[in-house]
Amino acid sequence: MRTAFFIDGYNLFYGLLANTPYKWLDLPALLTHITAIENPKSKTAEIYYFSSPVKPELASRGTRSKEA
């Protein structure tokens, strides 16, 4: 089975990486590993990464959102 992933970059960062010493994540390796665990016959076909510009005036963390 071919598997595609759609990543929300903003939520990935603030939900997983912000306020940690880890700022780099090898998404292809992580997602391929998850795919293999879920179904060893699966293959990661595509990874789509989406993000948007940070607008401090709309962010709950204000200007700190752009500084992180």
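Visitor: In what order do the elements of the protein chain run from the N terminus on?
Guide: The order is β-α-α-β-α. That makes three helices and two strands, where helices (H or I, at least four residues) and strands (E, at least two) are DSSP runs, numbered from the N terminus. The model is predicted, so local features need pLDDT of at least 70 and side-chain atom pairs count only at pLDDT 80 or more, while totals for chains, interfaces and linings use all residues. Residues are numbered from 1 along each chain as its sequence is written, and side-chain values use heavy atoms, with hydrogens and water left out.

Visitor: How do S1 and S2 pair?
Guide: Strand S1 (residues 2-8) and strand S2 (residues 43-50) pair in the parallel sense, over seven bridges; two strands pair if DSSP finds at least two bridges between them.

Visitor: Which residue in S2 stands opposite Ile 7?
Guide: Tyr 49 does.

Visitor: Which side chains of S1 are buried?
Guide: Thr 3, Phe 5 and Ile 7 are buried and point to one face. Buried means under 20% relative accessible area, exposed over 50%, and partly exposed in between (1.4 Å probe, protein chains only).

Visitor: Why do they alternate?
Guide: In a regular strand the side chains alternate between the two faces of the sheet.

Visitor: What share of the protein chain is buried?
Guide: Buried residues are 22% of its 68 residues.

Visitor: Switching to aromatics. How many aromatic pairs are there?
Guide: There are two. Phe 6 and Tyr 48 are stacked, because their ring centres are 5.0 Å apart and their planes are at 15°. Rings of Phe, Tyr and Trp (its six-membered ring) pair if their centres lie within 6.5 Å; planes under 30 degrees apart count as stacked, over 60 as edge-to-face and the rest as tilted. This pair links distant parts of the chain, with Phe 6 in strand S1 and Tyr 48 in strand S2, 42 residues apart.

Visitor: And how are Phe 6 and Phe 50 arranged?
Guide: Their ring centres are 6.5 Å apart and their planes are at 5°, so this pair is stacked. Phe 6 lies in S1 and Phe 50 in S2, so the pair ties together parts that are 44 residues apart in sequence. Phe 6, Tyr 48 and Phe 50 form one aromatic cluster.

Visitor: Is Phe 6 buried or exposed?
Guide: Phe 6 is exposed, with a relative accessible area of 58%. Tyr 48 is partly exposed at 35%, and Phe 50 is partly exposed at 47%.

Visitor: What is Ile 47 in contact with?
Guide: Leaving aside neighbours within four places in sequence, Ile 47 is in contact (heavy atoms within 4.5 Å) with Phe 5, Ile 7, Pro 28 and Leu 31. Ile 47 lies in strand S2 and counts as partly exposed, at 31% relative accessibility. Its C-alpha atom is 5.7 Å from that of Ala 4, 43 residues apart along the chain.

Visitor: Last one: which residues lie nearest the centre of the largest pocket?
Guide: Gly 9, Leu 12, Phe 13, Leu 17 and Tyr 49, out of 14 lining residues. Helix H1 (residues 9-17) gives the most to the lining, with six residues. A pocket is an open set of points on a 1 Å grid over the protein atoms alone, where a 1.4 Å probe fits, with protein on both sides within 12 Å along at least five of seven lines; lining residues have an atom within 4 Å of a point.
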